[in-house]
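Good morning, everyone, and thank you for making the time.

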Amino acid sequence: VNPSAQVNQPTSQVVCNGDATTAISFTTNNTVGATSYTWTNSNPAIGLLGTGTGNIASFTATNNGTSPIVATIIVTPSFTNAGVTCTGSSKTFPITVNPPAQVTQPANVDVCNGQLTTVTYATVNTGGTTTYSWTNSLPAIGLAASGTGNILFTAVNNGTVPIVATIVVTPTFTNNAVNCTGPTKTYTITVNPSAQVNQPASQVVCNGDPTTAISFSTNNTGGSTTYNWVNNNTSIGLAAIGTGDINSFTAINNGTVPVIAIITVTPSFINGGTNCTGATKTFTITVNPNAQVNQPANRVV
């Protein structure tokens, strides 16, 4: 009387897309006769045939989707002795193939010096957890050279031109304690300098005289700088607000004492669609009245 065929429980496996599985060598406690094995696979999409006999050689696991896929392998043993073959109870085990880790392409970021900056990563993967590690080519922007997770920092650029850091993010998908990395994504963080305007000179002119045209200037390059100004005393003949340079105008003071207008100019630096304001500068335009002498009385002596 032959014993029932028997196969020892195979070990489950969890692997990443593109990795080689561990070869599966079926074993039995039966002796004297010969034990053979047939098996079926519920999900050939993992890269393994739907049926087979004998041991399962290592193969390249496949999962081009976004979530883990599971193949159920059922192995059935057959014991042969004296020309009689006896089958036995089957054993079942899974092979899980995790998808490649994926991170959605982050948009390039343009920010101003001193601005709180955030980058939040996202993925289409499900069925596990995705984590992110990143490297930064230019720590001078205020961000560490490397890190994990989303990014939060205060941007730094104390110079006069925009600076650009290249960030490379690598996703890792974890399921059943198996980590699978995926393709990196690259994007840039551009930190614009604070807008800057050189100090304009103050002026003193006489009533009725033309002022000197005021051309604002900056040390910043790599973008464009615009200027907005306000005037606290329109009686001198200058509008209350304006943009750009201040053209020469005819100064007005019909009074008896000098009048002083305080002009405050605010620079804005524009690059990459981002507008960064900077420190204001203040100067004055003083308009003196016409000189005047009271009429002396005629005298007879």
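Let me begin with charge: how many positive and how many negative side chains does the chain have, and how far apart do the centres of the two sets lie? The chain carries 4 positive and 4 negative side chains, and the centres of these two sets are 11 Å apart. Please keep in mind throughout that what you see is a predicted model, and that every value I quote was computed from it.

Turning to the overall build, the chain has 20 strands and zero helices. Its radius of gyration is 40 Å, well over the 19 Å that the globule rule gives for 301 residues, so the chain is more spread out than a compact globule. If we take the contacts between residues at least 6 apart in sequence, 66% of them join residues that are at least 24 apart.

A disulfide, as a reminder, is a covalent bond between the sulfur atoms of two cysteines. This structure holds two disulfides, and, with the bonded cysteines counted along the chain, they follow the pattern 1-3, 2-4.

One of them joins Cys-16 to Cys-180, with a distance of 2.0 Å from S to S, and with -85° about the S-S bond this link is left-handed. Cys-16 lies in strand β1, residues 13-16, and Cys-180 lies in strand β13, residues 178-181, so the pair ties together parts that are 164 residues apart in sequence. Are these two cysteines buried or exposed? Cys-16 is buried, with a relative accessible area of 8%, and Cys-180 is buried as well, with a relative accessible area of 2%.

The other disulfide is formed by Cys-112 and Cys-276, whose sulfur atoms are 2.0 Å apart. The torsion about the S-S bond is about -90° in this case, so the disulfide of Cys-112 and Cys-276 is left-handed. Cys-112 belongs to strand β7, residues 109-112, and Cys-276 to strand β19, residues 274-277, so this pair, too, ties together parts that are 164 residues apart in sequence. Cys-112 is buried at a relative accessible area of 12%, and Cys-276 counts as buried at 1% relative accessibility.

Two further cysteines deserve a word on accessibility. Cys-86 has 19% relative accessibility and counts as buried, given that the cut-off for buried is under 20%, whereas Cys-206, at 37%, counts as partly exposed.

Ser-268 lies in strand β18, residues 259-271, and at 5% relative accessibility it counts as buried.

Next, consider a loop position. Gly-47 sits in the loop between β2 (34-41) and β3 (51-53), and with 42% relative accessibility it counts as partly exposed. Leaving aside neighbours within four places in sequence, Gly-47 is in contact with Phe-59, Thr-60 and Thr-62, while its C-alpha atom is separated by 8.4 Å from that of Asn-63, which is 16 residues away along the chain.

Finally, let us look at Leu-152, which is placed in strand β11, residues 151-154. Is Leu-152 buried or exposed? At 58% relative accessibility, Leu-152 counts as exposed, and, not counting residues up to four places away in sequence, it touches Leu-116, Thr-117 and Thr-118. The C-alpha atoms of Leu-152 and Trp-39, which are 113 residues apart along the chain, are separated by 52 Å.

With that I will stop, and I am glad to go back to any part of the model.

How values were computed:
Residues are numbered from 1 along each chain as its sequence is written. This is a predicted model: local features need pLDDT of at least 70, side-chain atom pairs count only at pLDDT 80 or more; totals for chains, interfaces and linings use all residues. Side-chain values use heavy atoms; hydrogens and water are left out. A disulfide is a pair of cysteine sulfur atoms within 2.5 Å. Helices (H or I, at least four residues) and strands (E, at least two) are DSSP runs, numbered from the N terminus. Buried means under 20% relative accessible area, exposed over 50%, partly exposed in between (1.4 Å probe, protein chains only). The radius of gyration is taken over C-alpha atoms; the globule rule is 2.2 Å times the number of residues to the power 0.38. Contact means heavy atoms within 4.5 Å. Lys and Arg count as positive and Asp and Glu as negative; His and the chain ends are not counted. The place of a charge is taken as NZ of Lys, CZ of Arg, CG of Asp or CD of Glu.
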